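Subject: Structure for your files

Hello,

Please find the structure below, followed by notes on what was found in it.

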Amino acid sequence: MAENTPYGTNSSNHVVKRLGKSKLELKRRTLFDENADFKKIFTEFKEANVDGLLLLSVANAQLIKIVEAYREVKATFPIVGVAALAKSEVLKALGEKANGLYIITDVVPGEHERYNLFHKSFVEMHGKNPDPLMTPFVYDAARLIGEAIKNITGRPNRESIRDGLLKVN
């Protein structure tokens, strides 16, 4: 299930292609727009006895509507979703409704020493917890760009930064 946007369609196409090479069966592919009736969609999913739902490229506001509709129709199949499901504002808006969702992410707070050091420093500096998913990526990107710039002789420009990034290990 993905938004009917170029990004959502491309993500969905990629997953469909990969599923064709696996033992998993795609029962239904759903692309939706901003006016989608998610309660109707989930009722149809329940009636089709789907085994689970994979959410791809979905904006925060739509994620909230999707999960709320899922809970309203009392669907029981698992939802596996994008990392945006774990964003602070999504979790705050969903409250208890977020329990039981599965999230695909590269960052697991508390599991990596570098993240733990970053988290501690962030809290000391800002007096609050960082967004658990987006902030570490921004931190890593800034750190890598800083490393690339440190190794540049002369005044940095787009090309020298790009070339410097290729040398960062």
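Helices (H or I, at least four residues) and strands (E, at least two) are DSSP runs, numbered from the N terminus. This is a predicted model, in which local features need pLDDT of at least 70 and side-chain atom pairs count only at pLDDT 80 or more, while totals for chains, interfaces and linings use all residues. Residue numbers start from 1 along each chain as its sequence is written, and side-chain values use heavy atoms, with hydrogens and water left out.

Seven helices and five strands make up the secondary structure of the chain. Their order from the N terminus is β-α-β-α-β-α-β-α-β-α-α-α.

The C-alpha atoms fill a box of roughly 65 × 40 × 30 Å along the principal axes. The radius of gyration, taken over C-alpha atoms, is 20 Å, whereas a compact globule of 169 residues would have one near 15 Å (the rule is 2.2 Å times the number of residues to the power 0.38).

Of the 169 residues, 31% are buried, meaning under 20% relative accessible area with a 1.4 Å probe, protein chains only. Among contacts (heavy atoms within 4.5 Å) with a separation of 6 or more, 58% are between residues 24 or more positions apart.

L53 counts as buried because its relative accessibility is 7%. Leaving aside residues up to four places away in sequence, L53 touches M1, F42, F45, F77, P78, I79 and V80. R28 is 25 residues from L53 along the chain, and their C-alpha atoms are separated by 9.4 Å.

Regards

Conventions
Buried means under 20% relative accessible area, exposed over 50%, partly exposed in between (1.4 Å probe, protein chains only).
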